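Welcome! Open your viewer, switch to a cartoon display, and follow along one selection at a time.

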Amino acid sequence: MKEIASMMAGVVLEILVKPGDNVSDGMEVAILESMKMQLPVQADKEGTVKEIKVNTGDFVNEGDLLLLLD
């Protein structure tokens, strides 16, 4: 199982994928807001989205799990 984690603390503004979607390396999978800046979260692995661990509006810390990939 592959994991995609938050690269910094912030609020989840948008989740750009859903379970079953194929993800490629470098693809944007979510948008975080931190210090009034919108920052894309990019996949660093390829796979299929198995589970989304956060919801829009959730606060996440650096290293928190966002998505699980198969």
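## A walk across the sheet

Start by selecting E51: opposite this residue stands L68, in strand β8. Keep in mind on the way that this is a predicted model.

Now widen the selection to take in β8, residues 65-69, and look at how β6 is joined to it: the two strands run antiparallel, with three bridges between them. For another facing pair here, pick V49 and find L69 of β8 opposite it.

Next, go to the other partner of this stop. Select β6, residues 47-52, together with β3, residues 22-23; these strands are antiparallel too, and two bridges join them. Click V23, and you will find G47 of β6 standing opposite.

Time to zoom out. In what order do the four strands of the open sheet come? Reading across, the order is β1-β8-β6-β3, and the pairing is antiparallel. Color β1 (2-5) and β3 to see the edge strands, each of which pairs on one side only.

## A stop in the loop

From β1, move on to S6, which lies in the loop between β1 and β2 (10-15). Is S6 buried or exposed? S6 counts as buried because its relative accessibility is 4%, and the cut-off for buried is under 20%.

To see what surrounds S6, show side chains for its contacts, leaving aside residues up to four places away in sequence: S6 touches L32, V60, N61, E62, G63, D64 and L66.

How values were computed:
Residues numbered from 1 in each chain as written. Predicted model: local features only at pLDDT ≥ 70, side-chain atom pairs only at ≥ 80, totals over all residues. Heavy atoms only, no water. Pairing = 2+ DSSP bridges. Buried < 20%, exposed > 50% of the residue type's maximum accessible area, 1.4 Å probe, protein only. Contact = heavy atoms within 4.5 Å.
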